[in-house]
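Here is a friendly walk through a two-chain model, starting where the chains meet and then looking inside each of them. Keep the structure open beside you as you read.

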Amino acid sequence: MPSTEPSTPPINLAGYKIKRIRAAFPILERDVHGRPLVYLDNAASTQKPRVVIKTLKRYYEHYNSNVHRGVHHLSQEATVAYENARGRVRAALGAKEDCEIILTRGTTEAINLVAQSYGRANLGPGDEVLISVLEHHSNIVPWQIVCEQTGATLRAVPIDDRGTLVMDKLDALLTERTKIVALGHVSNALGTVNPIKEIAAKVHAMGAVLVVDGAQGVPHGPVDVVELDADFYAFSGHKVYGPTGIGALYGRKELLDAMPPWQGGGDMILSVSIDKTVYNELPFKFEAGTPNIAGAIGLAAALDYVDNIGLEKIAAYEAQLLDYGTRALESVKGIRLIGTAPEKAGVLSFVMDGIHPHDIGTILDQEGIAIRTGHHCAQPVMEHFGIPATARASLGVYNTTGDIDALVRGLEKVREVFA
Amino acid sequence: MSDLRELYQSVILDHNKRPRNFGVLQGATHEAHGHNPLCGDKIHLQIELDADGKIAEVAFSGEGCAISKASASVMTETLKGLPRDAAERLFDQFHDLVTGKGGNPDELGKLAVFEGVKEFPIRVKCATLAWHTLRAALENTSTPASTE
């Protein structure tokens with residue numbers, strides 16, 4: 001069954017080979033409830049290109065082995081591939097050294113690592129952690145926990161009706177008491193792109209560190225952590241066409257060096273005796289136990305894949321598609337877009353007059369269309385807008401204007417059912 | 001597609017648009033709050049039990065999806081005049097119905113319109129929220145009811 005073709009190509013980026021891209025993702029060939037799959041839930045998770053699937057298969061078929069300490073051939077192959085994957089992540093983030101890349105289970109684990117390791121060691125009563133109302137729960141709860149443990153206070157920058165950070169409130173909340181500022185690069189609920197570089201300068205001027213939740217940043221364009229001047233930057237593999245269960249934390253070397261270990265166990269040590277244990281150097285100090293070896297290698301293949309398309313091209317294509325989608329949704333009666341920041345990436349969140357997002361989602365699902373409904377792990381955002389939930393369509397490299405058209409037709413059907 | 005018609009059939013759409021017994025009950029003897037954390041459905045259920053332990057009056061308020069609202073509405077219609085143990089029995093019947101385990105159509109009466117929910121397992125909690133809240137109300141527990 002052929003996947004959805006663009007109806008007319010009102011967006012045309014020379015060199016963006018959409019047909020070839022769609023052909024690379026086997027799952028796009030399937031039907032759902034007898035209709036071609038229209039996958040618009042990329043902010044939740046992305047589909048995988050054949051090359052990533054093959055890479056995982058090849059790892060398990062040819063050179064699967066535990067890493068770092070084996071002297072046999074398979075172990076050496078696996079170790080080289082795993083460490084090459086680390087290097088690939090370093091290159092994707094623009095970091096200076098491999099030892100600044102800690103491979104984790106994902107963004108959530110990475111943020112917890114920073115909160116528990118850097119946070120516990122550097123926070124006390126009277127100190128403050130500054131987040132925002134926009135944050136995903138994974139960039140709220142770890143800070144709540146560490147504030148409770150250390151006696152520090154949590155503060156949050158408010159947002160305006162467009163879903164943008166209120167910058168003068170940020171300035172007011174950023175004081176000498178602030179030790180850590182933790183913000184998303186791109187909001188998963190609203191698509192707002194935060195001015196990270198501008199904020200980093202302010203954070204550093206106050207002597208604090210900046211932790212960036214990059215889960216929705218990495219998939220939508222080039223990221224350069226040095227350019228952004230982030231102290232920590234976390235992302236997840238499964239959001240950028242890689243496997244689940246793998247992600248990475250970038251941390252400035254001086255910071256990571258000074259941080260106490262987080263999880264204890266094998267690999268993060270140099271020597272262990274009952275009386276005394278010497279911890280390993282970076283990055284291994286923060287990688288206890290057998291890592292997700294296959295996941296890391298698969299992630300490297302995914303990063304290669306998007307790099308081959310070109311992150312700038314992806315950003316430009318998705319921007320045009322977002323614009324097309326915004327105008328299309330605005331033309332549907334009774335639809336209100338939530339999140340209208342001047343700079344957005346990848347997300348179309350909306351509500352429909354008198355129709356709950358859950359019902360929208362169920363009816364769209366019957367049409368083969370996958371969107372997400374609910375609070376998107378961003379309850380403070382929902383509370384700000386006074387709504388229980390939104391319906392969210394989110395874009396990936398393989399989406400087309402045809403997908404948006406199908407979404408609009410699906411929404412007309414929703415109106416019909418509830419007329 | 002017929003599954004969708006089953007789920008969003010006219011009775012359910014009607015009860016969503018014009019929920020019965022929607023509002024605040026003066027003189028409630030029992031009440032409870034319910035919450036579906038998965039999708040944010042919220043319900044406040046109030047009951048007035050008379051001297052014989054029968055449900056004399058019942059009302060609900062809150063916000064949520066069409067299934068949860070319609071379910072609460074039809075439930076309140078069905079409950080009026082019932083003794084509380086009959087209400088408890090209906091909970092089990094309704095739960096069986098929406099999870100595809102059966103349910104007795106004679107006992108269920110109008111509630112049988114929710115049979116379509118069994119084809120949409122993700123929506124079961126929407127349909128049962130009002131009933132979990134009912135149970136909490138009858139026990140008059142102060143902890144909010146949840147579908148978890």
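In this predicted model, the contact between the two chains draws 21 residues from chain B and 14 residues from chain A. Together, chain B and chain A bury about 1,400 Å², and 60% of that area lies on carbon and sulfur atoms.

What about charge pairing across the contact? The count between chain B and chain A is 1 salt bridge. A:Asp359 makes a salt bridge with B:Arg123, and their closest N and O atoms are 2.9 Å apart. Across the interface of chain B and chain A there are also 6 residue pairs in polar contact, with both residues at pLDDT 80 or more.

Which elements of chain B give two or more residues to the side that touches chain A? They are helix H1 (2-7), helix H2 (10-17) and helix H3 (66-79) of chain B. H1(B) supplies the largest share of that side, 4 residues. Sorted by class, the side of chain B that touches chain A holds 12 nonpolar, 3 polar and 6 charged residues.

Let's stay with chain B and turn to strand E1, residues 30-36. Its covered face carries B:His30, B:Ala32, B:Gly34 and B:Asn36, while B:Glu31, B:His33 and B:His35 make up the uncovered face. The pairings of this strand are set out below.

| Partner of E1(B) | Sense | Bridges |
|---|---|---|
| strand E2 (residues 41-49) of chain B | antiparallel | 7 bridges |
| strand E4 (residues 145-146) of chain B | parallel | 2 bridges |

On the E2(B) side, B:His35 stands opposite B:Lys42. On the E4(B) side, B:Gly34 has B:Ala145 as its bridge partner. The hairpin of E1(B) and E2(B) has 4 residues between the strands, and there B:Gly40 takes a positive phi near 85°.

A:Ser236 sits in strand E9 (residues 232-236) of chain A. Is A:Ser236 buried or exposed? A:Ser236 has a relative accessible area of 6%, so this residue counts as buried, the cut-off being under 20%. Its side chain and that of A:Thr107 are joined by a polar contact of 2.5 Å. Leaving out residues up to four places away in sequence, A:Ser236 touches A:Gly106, A:Thr107, A:Ala215, A:Ile246 and A:Gly247.

Note on methods:
Residues are numbered from 1 along each chain as its sequence is written. Chains are lettered from A and ligands numbered from 1 in the order in which they are written. This is a predicted model: local features need pLDDT of at least 70, side-chain atom pairs count only at pLDDT 80 or more; totals for chains, interfaces and linings use all residues. Side-chain values use heavy atoms; hydrogens and water are left out. Contact means heavy atoms within 4.5 Å. Buried area is the accessible area (1.4 Å probe) that two parts lose on being put together, summed over both. A salt bridge is a side-chain nitrogen of Lys or Arg within 4 Å of a carboxyl oxygen of Asp or Glu. A polar contact is a pair of N or O atoms within 3.5 Å; within protein, one must be able to donate a hydrogen and the other to accept it, and residues adjacent in sequence count only if both atoms are side-chain atoms. Ala, Val, Leu, Ile, Met, Phe, Trp, Tyr, Cys and Pro count as nonpolar, Asp, Glu, Lys and Arg as charged, and the others, Gly among them, as polar. Buried means under 20% relative accessible area, exposed over 50%, partly exposed in between (1.4 Å probe, protein chains only). Two strands pair if DSSP finds at least two bridges between them.
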